[in-house]
Amino acid sequence: MNADANDNTPPERPAKEQKNRVCPNCGKPRSERYDPFCSKRCADVDLHRWLKGGYVIPGPSVEQEPGDEEE
Ligand SMILES: [Zn+2]
């Protein structure tokens, strides 16, 4: 009882996703080398933005105080 209909080949990415393979920074086609960016420059820009805190990183900064319940 072995269904060999399916190969072990991984499923291809949807065409929709391939169509959107553009640099998130400037919208140009991505470079495989600097994926997901089009160039090192765009990758650096994104990195700097990240370091500046442009991205919100969820962390345990907000904690609920025990015994302080609101009705
Ligand atoms: Zn770019």
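**Zinc site and salt bridges**

R30 is partly exposed, with 29% relative accessible area (buried is under 20%, exposed over 50% and partly exposed in between, using a 1.4 Å probe and protein chains only). This is a predicted model, where local features need pLDDT of at least 70, side-chain atom pairs count only at pLDDT 80 or more, and totals for chains, interfaces and linings use all residues. Residues are numbered from 1 along each chain as its sequence is written, and side-chain values use heavy atoms, leaving out hydrogens and water.

**The zinc ion**
- Look for C23, C26, C38 and C42: their SG atoms are the protein donors of the zinc ion, at 2.3 to 2.4 Å from it (donors are N, O and S atoms within 2.8 Å of the metal, or 3.2 Å for Na, K and Ca).
- The site is tetrahedral, with angles of 103 to 119 degrees among its 4 donor atoms (all angles must lie between 85 and 135 degrees).
- Along the chain, the zinc donors follow the spacing C-x2-C-x11-C-x3-C.
- C23 is buried at 2% relative accessible area, and C38 is buried at 18%.

**Salt bridges**
- The whole structure holds 3 salt bridges (a side-chain nitrogen of Lys or Arg within 4 Å of a carboxyl oxygen of Asp or Glu).
- D35 pairs with R21, their closest N and O atoms being 3.1 Å apart, and D35 also meets R30 at 3.6 Å, N to O.
- D35 is partly exposed at 40%, and R21 is partly exposed at 26%.
- D44 and K40 form a salt bridge at 3.1 Å, N to O; D44 is partly exposed at 29% and K40 is partly exposed at 46%.
- Shared partners join R21, R30 and D35 into one salt-bridge network.

Terms used: Four donors count as tetrahedral if all angles lie between 85 and 135 degrees; four count as square planar and six as octahedral if opposite donors are over 155 degrees apart and all others between 65 and 115; anything else is irregular.
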